[in-house]
Amino acid sequence: MTIKGKLFPGQTNEEKVFLLIRKHWFNYLIFLLVGILGAIPVAAAVYFWLAFPSIVADNSIDIYLIVILTVFVLGIFAALLYGFVDYYLDVYIVTDRRVVDISQNGFFKREISELHLHQVQDVNARVDGFFETLFHFGDVYIQTAGERENFVFKSVPQPYAIARQIIDLNESHLEEDEDADKKVETKPLNNKLGEKPILSFDKLESAAKSLLEKSSFAERVKNAGIVVNPEIKSKVDKDNKEYEGTLTEGKEIDL
Amino acid sequence: MTSGDNIIIILYLISLIGFIIFSIAGVYHLWRFGYSGDLSKPAIIIYTLASTAVVLLSLFLISIRIFS
């Protein structure tokens with residue numbers, strides 16, 4: 001199953017997206033805990049305010065309480081938003097051609113790196129830890145050819161299934177490449193009119209060689225479609241005969 | 001209203017401006033880089049509604065205290 005639409009810069013129209021992966025929701029839990037823990041004192045203050053309005057009014061602290069509570073609540077909202085942007089805009093994309101890592105760090109740092117499938121050498125998955133095992137998430141390591149940095153999908157759900165799918169896509173991509181190479185090797189040469197194939201590259205090369213060996217200079221010029229001035233042609237033919245004669249006799253040519 | 005009240009209201013308005021700028025940056029990122037059909041648009045709506053409600057409520061309560 002593929003995902004439609006343009007998901008990253010540089011994506012071509014023919015490119016099929018097979019996986020769009022975000023980190024496991026457990027990574028956002030720390031921000032949710034901040035929100036939940038922050039809501040406790042807010043709820044307590046509101047309860048105090050509603051339960052003992054006379055105390056609050058008598059001490060003239062109601063404006064202070066409103067401002068402090070509002071700033072506190074807005075701070076929690078801001079933390080939740082920051083965490084959500086950081087968590088939700090980190091995306092790993094696997095297409096039939098490449099692996100793309102879009103990394104959002106805060107509001108003002110965004111990195112996009114990609115790796116072509118033919119550069120993938122090995123893919124491993126690792127689930128390491130209590131919560132990782134409990135909630136089925138872990139890291140996927142993509143080892144690359146050459147000096148390129150390895151790709152790591154951090155804290156993604158179902159890492160073994162993702163690793164398996166990347167391996168399958170890599171293998172099918174390599175098979176497609178091999179098939180394409182074979183087609184190029186065996187593809188016959190078509191004539192200009194696009195009719196039936198007439199010659200392979202090898203046959204054409206040998207035919208051209210034999211033609212050059214057998215034909216005279218004049219024939220070669222004629223075959224090449226060159227129009228020669230008659231005076232020059234006669235001189236060239238004369239010289240050509242002299243050279244041919246000289247060569248057959250095995251003597252040096254005086255140019 | 002005392003001078004202390006004035007100071008805290010001014011501080012509140014300054015922090016409110018900072019919060020609005022921060023929110024615009026965050027919402028812009030979600031709107032710009034989120035994909036259609038994912039949770040980015042619902043998150044923008046929920047965040048905007050919730051924070052607007054809190055700010056309006058606080059301004060309403062403060063204005064009641066000031067003008068009462």
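Colleague: At what angle do the axes of H3(A) and H1(B) cross?

Modeller: In this predicted model, the axes of H3(A) and H1(B) come within 10 Å and cross at roughly 15°.

Colleague: Why are H3(A) and H1(B) described by the direction they are given relative to each other?

Modeller: Angles under 35 degrees count as roughly parallel, and the crossing is at roughly 15°. H3(A) and H1(B) are therefore roughly parallel to each other. The crossing of these two helices is left-handed.

Colleague: Which residues of H3(A) and H1(B) meet?

Modeller: From H3(A) come Ile63(A), Tyr64(A), Val67(A), Val71(A), Leu74(A), Ala78(A), Leu81(A), Tyr82(A) and Val85(A). They meet Asp5(B), Ile8(B), Tyr12(B), Ser15(B), Phe19(B), Phe22(B), Ser23(B), Gly26(B), His29(B) and Leu30(B) of H1(B). Sorted by class, the contact of H3(A) with H1(B) has 14 nonpolar, four polar and one charged residues.

Colleague: How do H3(A) and H2(B) stand to each other, roughly parallel or roughly antiparallel?

Modeller: The axes of helix H3 (residues 62-88) of chain A and helix H2 (residues 40-67) of chain B come within 10 Å, with a crossing at roughly 170°. Angles over 145 degrees count as roughly antiparallel. H3(A) and H2(B) are therefore roughly antiparallel to each other. Among the contributors to the contact are Asp62(A), Ile66(A), Phe77(A) and Tyr88(A) of H3(A), together with Ser40(B), Tyr47(B), Val54(B) and Arg65(B) of H2(B). By class, the contact of H3(A) with H2(B) comprises 14 nonpolar, four polar and two charged residues.

Colleague: How many residues of chain B are in contact with chain A, and with how many residues there?

Modeller: 25 residues of chain B are in contact with 20 residues of chain A. On the side of chain B that touches chain A, the elements that give two or more residues are helix H1 (3-33) and H2 of chain B. The largest share of that side, 12 residues, comes from H1(B). The residues of that side of chain B divide into 15 nonpolar, eight polar and two charged.

Colleague: What makes S5 and S7 of chain A edge strands?

Modeller: Three strands of chain A form an open sheet in the order S5-S6-S7, with antiparallel pairing. Strand S5 (120-126) and S7 of chain A each have a single partner strand, so one side of each is left without a neighbour in the sheet. Neighbouring strands of this sheet are turned by 20° against each other on average, direction ignored.

Colleague: How many bridges join S5(A) to S6(A)?

Modeller: S5(A) and S6(A) run antiparallel and are joined by six bridges. At least two bridges are needed for two strands to pair, and six bridges join S5(A) to S6(A), so these strands count as paired. Ala125(A) stands opposite Val140(A) in S6(A).

Colleague: In which sense do S6 and S7 of chain A pair?

Modeller: Strand S6 (residues 137-144) and strand S7 (residues 151-157) of chain A pair in the antiparallel sense over five bridges. Tyr141(A) stands opposite Val152(A) in S7(A). S6(A) and S7(A) form a hairpin with six residues between them, and Gly146(A) in the turn has a positive phi of about 75°.

Colleague: How is His136(A) classed?

Modeller: His136(A) has 14 C-beta neighbours inside 10 Å. A residue with 12 or fewer is exposed and one with 20 or more is buried, so His136(A) counts as partly exposed. His136(A) is placed in the loop between helix H4 (130-135) and S6 of chain A. His136(A) has a positive phi of about 60° although it is not a glycine.

Colleague: Which strands form the open sheet of four strands in chain A?

Modeller: The order is S1-S2-S3-S4, with antiparallel pairing. The edge strands are strand S1 (17-22) and strand S4 (109-116) of chain A, each of which pairs on one side only. The twist averages 10° from one strand to the next. Strand S2 (residues 91-95) and strand S3 (residues 98-105) of chain A pair in the antiparallel sense over four bridges, and Val91(A) stands opposite Ile102(A) in S3(A).

Terms used
Residues are numbered from 1 along each chain as its sequence is written. Chains are lettered from A and ligands numbered from 1 in the order in which they are written. This is a predicted model: local features need pLDDT of at least 70, side-chain atom pairs count only at pLDDT 80 or more; totals for chains, interfaces and linings use all residues. Axes are lines fitted to C-alpha atoms, for helices over the stretch in contact, and angles run from 0 to 180 degrees between N-to-C directions. Angles under 35 degrees count as roughly parallel, over 145 as roughly antiparallel, 65 to 115 as roughly perpendicular and the rest as oblique. Two residues are in contact if their C-beta atoms, placed from the backbone, lie within 7 Å. Ala, Val, Leu, Ile, Met, Phe, Trp, Tyr, Cys and Pro count as nonpolar, Asp, Glu, Lys and Arg as charged, and the others, Gly among them, as polar. A crossing is left-handed if the near helix is turned anticlockwise from the far one by less than a right angle, and right-handed if clockwise.
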